[in-house]
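Dear colleague,

Please find below the structure I said I would pass on, followed by some notes on what came out of going through it.

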Amino acid sequence: TIDRMVMERIEQKTNEVVTGLNKDLHDWEAATMNLLATSRGMKTNAHPFGVFAKSVPWNKLTRHSDLQKEAMIFGLAGFLEGDPRDNHQEDLQKEFAHLKHKLALTKKVSRHHWKFSKLRPANFPTVRLAQLTSMVQRENRLFSCLVNASSLEDVRNLLHVPLSDYWSSHYDFAKPAKKVINPIGKTTLESVVINAIVPLLVAYGQATDEQSLIEKAISWLEKMGPENNAITRNWDQIGLENRSALQSQGLIQLYKAYCSRRRCLQCGIGNKILSSL
């Protein structure tokens, strides 16, 4: 049953990738960036990250300088509004003003849409955007790199990119950090792999009929440690095995698609429990 739940969840996420891909006119690189951006929002900033990701012309972004890439990302995210707080923000504002006119960019998110309250500085949306910027600055063709990645370690190296001098010492414009801000953390990185990269590669494997790519992506879930959240902890308490991210995904699907919807008769575990009563 858990194996079936895993495949259901992967298929569900793969369908979401395909839906987004259709909107991106089958541009796999753009779809990759949309997923990587959206997955950084987690629950707190999921909506503004989703809106922001769809407003970025990723295929045009890659053609510009590092400073212009940063300006486009922070500008479209709404963090270059108002009077500049420091010299770095002022430099980005000038670049964004030029790019906005040149590329007819439409900003759909403003600073007030983003949530900072109750977040650790390392999880601030500004820091998450800086991490995304660093990835794009280092590699223009992330999708190709992910497809060709031979191991989970290759993927981790792609995502774990050092921040710029400015963003390794600031958690917002004109707000220096008390200690060096590190690149993406282990928990966030693994969440991105689970929720963005694995579904992406499975979708591409299905589209190109490359079974080996699908198997590779799923094997990465097997090699990652179990997820630790309210749902998996509840299953732990009743003794259901949770030793890898693959099993975690099955348990999450079981709860969300069956238990919480009272679909016990459509579930092998539920049927077994009910038949023993």
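A cavity here is a set of points, on a 1 Å grid over the protein atoms alone, where a 1.4 Å probe fits but cannot get out, and a volume is the space filled by probe spheres set on such points. Please keep in mind that this is a predicted model.

With that definition, the structure holds one cavity of 30 Å³ or more, and the largest cavity contains about 50 Å³ of space. Its lining is made up of Arg 9, Ile 10, Lys 13, Ile 194, Val 198, Pro 199, Leu 221 and Gln 249, with at least two lining residues coming from each of the helices α1 (2-23) and α10 (186-208).

Helix α1 also contains Met 7, which counts as partly exposed because its relative accessibility is 43%.

Lys 69 is buried and yet has no salt bridge, the nearest side chain of opposite charge being that of Asp 66, 4.3 Å away, where the cut-off for a salt bridge is 4 Å. A polar atom of the Lys 69 side chain does, however, lie 3.4 Å from the backbone oxygen of Val 136. Leaving aside residues up to four places away in sequence, Lys 69 touches Leu 61, Thr 62, His 64, Val 136, Gln 137 and Asn 140.

Best regards

Technical notes. Residues are numbered from 1 along each chain as its sequence is written. This is a predicted model: local features need pLDDT of at least 70, side-chain atom pairs count only at pLDDT 80 or more; totals for chains, interfaces and linings use all residues. Side-chain values use heavy atoms; hydrogens and water are left out. Buried means under 20% relative accessible area, exposed over 50%, partly exposed in between (1.4 Å probe, protein chains only). Lys and Arg count as positive and Asp and Glu as negative; His and the chain ends are not counted. A polar contact is a pair of N or O atoms within 3.5 Å; within protein, one must be able to donate a hydrogen and the other to accept it, and residues adjacent in sequence count only if both atoms are side-chain atoms. Contact means heavy atoms within 4.5 Å. On a 1 Å grid over the protein atoms alone, a cavity is a set of points where a 1.4 Å probe fits but cannot get out, and a pocket is an open set with protein on both sides within 12 Å along at least five of seven lines; lining residues have an atom within 4 Å of a point. Helices (H or I, at least four residues) and strands (E, at least two) are DSSP runs, numbered from the N terminus.
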